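Subject: Handing over a structure

Hello,

Here is the structure I promised to pass on to you. Please open it alongside this note, and then read on for what turned up in it.

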Amino acid sequence: MVKARYQLIMPLRKYQKFPGNNRFWCCGALMSSRQVSILIFCAIIIVVVSALFFAFDARFLVVNVEPLGVGVIFPVLGVLGLYFSMSFLFKTGCIDSGILPRALPDEIAYMQSQGDEEPAGSGRTLGAPARYKTVQHMGQKVKLKWCVTCNLWRPPRASHCGLCNNCYENFDHHCPWVGNCVARRNYRYFYLFLTTIAVTGVYMMACNITVIVLASKKMGFGDALKTYPGSVIEFCVSGLAVISVSGLSCMHTWLIARMETTNEDIKGTFNPRKQGRTVHNPYRRRNCCLNFLFVICGPFPPSLIDRRGDMTEEYQAALEGDNSSYGATSSVPKLPPESPSPVPPNPTPPPLAPDPTSEVISMTPTASMEVRTEGEEGVVQVTVERSDSSHGVGEDETQQLILDRAGHGQQ
Ligand SMILES: [Zn+2]
Ligand SMILES: [Zn+2]
């Protein structure tokens with residue numbers, strides 16, 4: 001009764017019926033995956049180590065380095081390390097990292113009208129959308145995969161996270177430590193978080209060693225360890241963090257320099273040994289510095305899910321059509337049926353990997369998606385940039401495929 005009255009005053013928001021496996025906080029302003037316990041654990045570890053630093057090391061250094069007049073810089077740097085670590089941690093773990101909104105029935109119907117790539121004998125119902133679709137884009141063949149959960153053609157670099165149950169733009173990986181998928185909208189924060197933790201950890205270890213050395217001169221090494229146990233604990237925890245995080249930070253530095261995601265690196269999407277000599281990474285800039293500049297300082301893409309929007313009748317009807325995947329309707333043929341089909345079964349499955357001899361990568365305008373050539377905010381936007389060595393400096397070819405999902409998921 002109270003809930004019904006509350007809903008009369010405060011209408012339902014879309015995040016309250018969101019089909020993915022996400023949790024929402026602060027009236028939908030923040031979101032994460034279901035597994036947030038490790039994120040909270042990470043935050044507690046950072047706060048505890050910082051508290052030990054301020055309680056033991058910073059206080060000792062302010063007093064004992066005071067003659068040099070620089071003692072105050074130690075707690076200031078500690079505060080900056082704590083602030084940026086926590087800021088990047090929660091920015092990575094508590095924002096929409098790039099969810100692709102699921103297709104609505106009218107979009108699926110449009111996609112069905114394009115269902116002309118059904119390979120003969122695939123075992124699927126005739127007229128059903130094909131699982132893969134290849135388009136020519138920027139001199140490469142781009143193969144898009146149909147997501148049976150989200151009912152859409154995944155744009156290039158997108159992938160479906162089974163834990164979060166969403167498709168993500170520029171999917172990198174699902175990180176349990178930050179409690180979120182790392183994808184297009186939070187990758188820079190994830191990388192900055194790793195780098196900040198590694199640098200802060202090294203800084204704190206240096207302070208720990210300085211404290212123990214200075215204290216040892218006054219009271220001996222054994223008494224110094226007993227007097228400043230916080231420095232010892234801090235040194236051990238910071239050492240573990242540095243060992244584990246610095247390696248990850250270096251790996252992502254290497255990936256950014258190559259302009260690849262972890263997912264693409266694992267799959268070997270742009271690996272000439274796996275995909276053929278003609279394959280190249282169309283997203284790579286002219287040099288590593290431009291890659292870093294784009295990743296760290298590039299435009300911040302808008303969220304495509306209107307999670308704080310009011311529940312519309314269309315959205316409600318779509319939800320009631322199929323709770324498991326609100327874009328699906330009973331009229332949409334499902335993929336792939338196990339039952340015998342009128343077409344003789346073909347033991348050869350449709351090709352799953354890009355043709356290694358092809359010159360192309362893949363790109364898929366979807367049934368519900370209209371390919372445009374101009375940027376436009378508020379739509380699902382896939383930007384593919386390619387540096388062609390035959391072009392002059394500054395003539396990097398930029399093409400934008402705007403997969404129009406107008407009317408849905410805009411914020
Ligand atoms: Zn999906
Ligand atoms: Zn995930």
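Below is a short tour, from the overall make-up to single residues.

A word on conventions before we start. Residues are numbered from 1 along each chain as its sequence is written, while chains are lettered from A and ligands numbered from 1 in the order in which they are written. This is a predicted model, in which local features need pLDDT of at least 70 and side-chain atom pairs count only at pLDDT 80 or more, whereas totals for chains, interfaces and linings use all residues.

**Overall make-up**

The protein has eleven helices and twelve strands. Of the 411 residues, 38% are buried. Here a residue is buried if 20 or more other C-beta atoms lie within 10 Å of its own, exposed if 12 or fewer, and partly exposed in between, with C-beta atoms placed from the backbone. Two residues are in contact if their C-beta atoms, placed from the backbone, lie within 7 Å. Among contacts between residues at least 6 apart in sequence, 69% join residues at least 24 apart.

**The annotated spans and their helices**

An unreviewed UniProt entry places "transmembrane region" at residues 38-56, 68-90, 189-212 and 232-257. UniProt positions follow the numbering used here, feature names are shortened, and annotations may be inferred rather than shown by experiment. In the model, residues 189-212 are 100% helix and 0% strand, and the end C-alpha atoms lie 34 Å apart. Residues 232-257 are also 100% helix and 0% strand, with 36 Å between the end C-alpha atoms.

Have a look at helix α2, residues 37-64. Its 28 residues reach 39 Å from first C-alpha to last, close to the 40 Å expected at 1.5 Å a residue; the expected span is 1.5 Å times one less than the number of residues. There is a bend of about 40° in α2 at Phe-54, taken as the angle between axes fitted to the seven residues ending there and the seven starting there. Buried residues in α2 include Leu-39, Cys-42, Val-49, Phe-53, Asp-57 and Leu-61. Among the elements covering the buried residues of α2 are β2 (30-33), α3 (73-93), α5 (187-219) and α7 (229-258).

Helix α5 has 33 residues and reaches 47 Å from its first C-alpha to its last, close to the 48 Å expected. After α5 comes Gly-220, with a positive phi near 95°.

**Strands and turns**

Strand β1 (residues 22-25) pairs with β2 in the antiparallel sense over four bridges; strands count as paired if DSSP finds at least two bridges between them. Trp-25 has Leu-30 in β2 as its bridge partner. The two strands form a hairpin with four residues between them, and Cys-26 in the turn has a positive phi of about 55°. Cys-27, in the loop between β1 and β2, has phi near 55°, a positive value in a residue other than glycine. Cys-27 counts as exposed because it has 12 C-beta neighbours inside 10 Å.

Asn-151 counts as buried because 27 C-beta neighbours lie inside 10 Å.

Elsewhere, three strands form an open antiparallel sheet in the order β3-β8-β7. β3 (99-100) and β7 (159-161) stand at the edges with a single partner strand each, so one side of each has no neighbour in the sheet. In β8, Cys-167 stands opposite Leu-100.

**The cores**

A nonpolar core is a set of buried Ala, Val, Leu, Ile, Met, Phe, Trp, Tyr and Cys residues joined through C-beta atoms within 7 Å. The largest has 41 residues, and Leu-100, Tyr-168 and Phe-190 have the most contacts inside it. α5 gives the largest share of this core, eight residues. Apart from it lies another core of 13 residues, including Phe-53, Leu-61, Val-211 and Ala-215.

I hope you enjoy looking around!
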